[in-house]
Amino acid sequence: MTKKYTLDELLIIAVAREIKDYDNVILGVGLPTTSGALAKALHAPQANLMMEAGMIDFEPLIPPNHIADVMACKGYACATDLFTAFTMTYRGFVDICFLGVGQIDKFGNLNTTAIGDYYKPDLRLPGSGGAADFISYSQRTVLTMRGGEFVEDLDYVTSPGYLGGGDERDSSGLFPQGSGPTKLITQKGIFEFDHKTKEMFLAEIHPRITVEDARKDIPWELNISDKLTETKPPSDAEINFIRNFAPAAAMGRSLAAEVGFANLLKELEERGKT
Amino acid sequence: MTKPIEKVMSAPEAIERFVKDGDHLIIGNYTVGTCMELVFEIIRQGKQGFTLYSQSGILDVELLVAAGAVEKLVTTYVMRSGGRSGGSAVERALKEGSLQIEDYTNYNYNARLMAGMHGFSFMQVFEGIMATDLFKKRSFMGEDKYRVIKCPYTGKDVVTVPAATPDVCIVHVQRADKFGNAQYWGAIGSVPAAALASKRIILTCEEIVDTGIIRSSPHHTIIPAFRADAVIEVPWGAHPTEVVGHYNQDKLMWGLFIMAAARQESLQEWMDEWVFNCRDRQAYIDHYVERFGSGWLQKLVAKPFYSAPANYGSAFLSTWDEHGKDRGTGLTMEEIENLLEERGLLHD
């Protein structure tokens with residue numbers, strides 16, 4: 001019997017398992033940075049962690065605040081600029097990158113820009129940042145989703161997945177052959193994309209989640225793999241690593257924010273400064 | 001007009017002299033260590049009508065937009081307070097129609113600066129962008145947001161972005177000399193490109209240092225003196241964001257800002273307290289210490305982790321060796337002058 005885990009931990013661990021030894025990895029902010037640290041500590045010691053702000057081969061000692069946080073590590077191997085971080089991606093040197101999802105359609109196209117009308121949005125999301133560049137030219141792209149939504153039609157296409165499905169991405173001539181999103185990891189399961197149609201299907205389901213739970217979020221008839229398996233539960237070593245490295249990440253965003261804020265208030269109170 | 005050699009001045013003077021209403025204004029910093037005091041001073045002086053460039057907007061963009069200073073925004077990323085249920089000044093301004101936005105990817109935006117920095121009229125970007133709405137949906141830049149040309153070598157379609165050469169860059173760095181040689185290290189991002197693409201550069205630094213320090217570490221210099229217009233020493237000039245080697249991000253102040261930014265009214269109160277009621281950075285820091293105690297700031301001060309010095313040494317730094325002979329010809333000055341005379345090479 002292994003330790004109990006949170007769904008945030010399961011997600012972080014599932015993401016970490018996608019990183020192979022010797023991969024050149026572009027990490028995004030948030031959950032992937034913890035996954036990167038976990039992979040490097042436990043199963044991919046030669047992975048090269050990089051960020052688009054120009055940090056190459058860094059090893060975070062604490063969870064970075066953002067994608068330019070060199071203060072989370074004690075030095076790193078190469079300080080290049082953002083332009084070069086992207087041109088090396090274009091040239092094919094990046095094996096894997098991770099992107100968060102705002103809206104996603106069945107072919108893995110993403111919207112992280114706006115909900116509603118782009119010009120007068122109901123909700124203005126952050127935007128592309130480096131997402132569209134990375135998913136276009138990284139060899140593999142793993143998508144992560146917490147709080148995003150599945151939709152039939154995106155309000156805005158920020159980052160190209162398999163476009164209209166089938167061989168549309170490969171035949172467009174705009175992207176390296178065989179590139180595109182490889183997996184989508186949510187708190188319910190792991191989705192992959194059909195080899196031929198490029199439509200996403202449920203490949204693995206997390207323990208104690210039902211197929212019905214997974215279908216609930218999805219407005220189209222979700223395909224389920226014939227060989228649907230249960231996600232391998234986290235090992236104690238994986239859970240221990242996350243809790244030591246990033247206890248707030250283990251809690252998930254809202255609980256961590258709640259506790260963090262209470263802690264700030266407490267400190268202010270102790271100083272008699274509220 | 002020739003620039004003065006020494007460029008040290010105050011933030012109010014620099015903004016007054018070098019930032020004009022309606023300018024194309026660029027925030028040089030990227031995600032980290034942003035030029036907060038310069039942003040505050042622009043707001044205090046009520047400058048407006050900007051086309052603002054920001055590689056990745058954090059509270060710098062939020063404040064300038066909330067102050068009504070920005071008409072157009074060119075960016076790749078904007079912050080949002082409090083997730084889906086929260087909000088941002090950028091979102092509010094878009095909804096109201098007081099702000100137009102042009103979205104690029106990180107690479108595309110940076111490519112515009114690289115073209116501007118190097119004097120090219122455009123830069124090639126990655127063709128995959130054609131499959132996205134960044135390419136298809138255009139705002140104030142219209143046709144000129146992206147243009148497609150034929151590569152003369154491969155015959156393939158090449159997507160381009162136009163050069164950006166903003167009127168003025170505001171940027172914060174770790175150190176500079178009084179001449180404007182500015183040194184920055186850490187996450188490089190697009191900081192040098194943003195500064196060097198611009199026509200004028202206003203820089204704040206944590207410390208003004210002796211030129212000897214700059215000259216012993218030229219690999220850290222991102223802006224050479226001849227490109228700088230104003231140098232201002234502003235300790236804690238990027239607070240509440242962090243500056244590598246000086247101080248960490250202030251989560252308390254970040255938290256207060258994030259909570260305030262979700263609504264215009266609370267953001268206005270935040271600005272009244274921290275921008276308008278503090279005449280300069282010293283007053284801001286004094287007010288901070290008064291409200292929260294000095295202990296908070298002390299906890300943020302970075303413990304040193306020095307880079308190994310790069311050895312710029314050489315075997316000799318004089319043409320003349322220890323015997324007074326020129327290293328190339330093996331002759332003394334007297335012997336050289338005699339030789340010149342002898343060969344009839346000297347003229348009255």
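Helix H4 of chain A (residues 131-137) contributes 4 residues to the lining of the second largest cavity, the largest contribution of any element, where helices (H or I, at least four residues) and strands (E, at least two) are DSSP runs numbered from the N terminus. A cavity is here a set of points, on a 1 Å grid over the protein atoms alone, where a 1.4 Å probe fits but cannot get out, and lining residues have an atom within 4 Å of a point. The model is a predicted one, in which local features need pLDDT of at least 70 and side-chain atom pairs count only at pLDDT 80 or more, while totals for chains, interfaces and linings use all residues. Residues are numbered from 1 along each chain as its sequence is written, chains are lettered from A in the order in which they are written, and side-chain values use heavy atoms, with hydrogens and water left out.

The lining of this second largest cavity draws on both chains, with A:Ala132, A:Asp133, A:Ser136 and A:Tyr137 together with B:Asn108, B:Phe126, B:Gly128 and B:Ile129. These residues divide into 4 nonpolar, 3 polar and 1 charged, with Ala, Val, Leu, Ile, Met, Phe, Trp, Tyr, Cys and Pro counted as nonpolar, Asp, Glu, Lys and Arg as charged, and the others, Gly among them, as polar. The space in the second largest cavity is about 30 Å³, a volume being the space filled by probe spheres set on the grid points, which are joined across faces, edges and corners. Residues of chain B line the largest cavity, among them B:His172, B:Tyr184, B:Trp185 and B:Glu242, and its lining comprises 6 nonpolar, 3 polar and 1 charged residues.

Contact between the chains (heavy atoms within 4.5 Å) takes 58 residues from chain A and 62 residues from chain B. The buried area, that is, the accessible area (1.4 Å probe) that two parts lose on being put together, summed over both, is about 5000 Å² between chain A and chain B, of which carbon and sulfur atoms give 62%. A:Met71, A:Phe83 and A:Arg124 supply 15% of the area that chain A buries against chain B, more than any other three residues.

Across this interface the rule finds 2 salt bridges, each a side-chain nitrogen of Lys or Arg within 4 Å of a carboxyl oxygen of Asp or Glu. One of the salt bridges joins A:Glu267 and B:Lys299, with the closest N and O atoms 2.8 Å apart.

Technical notes:
On a 1 Å grid over the protein atoms alone, a cavity is a set of points where a 1.4 Å probe fits but cannot get out, and a pocket is an open set with protein on both sides within 12 Å along at least five of seven lines; lining residues have an atom within 4 Å of a point.
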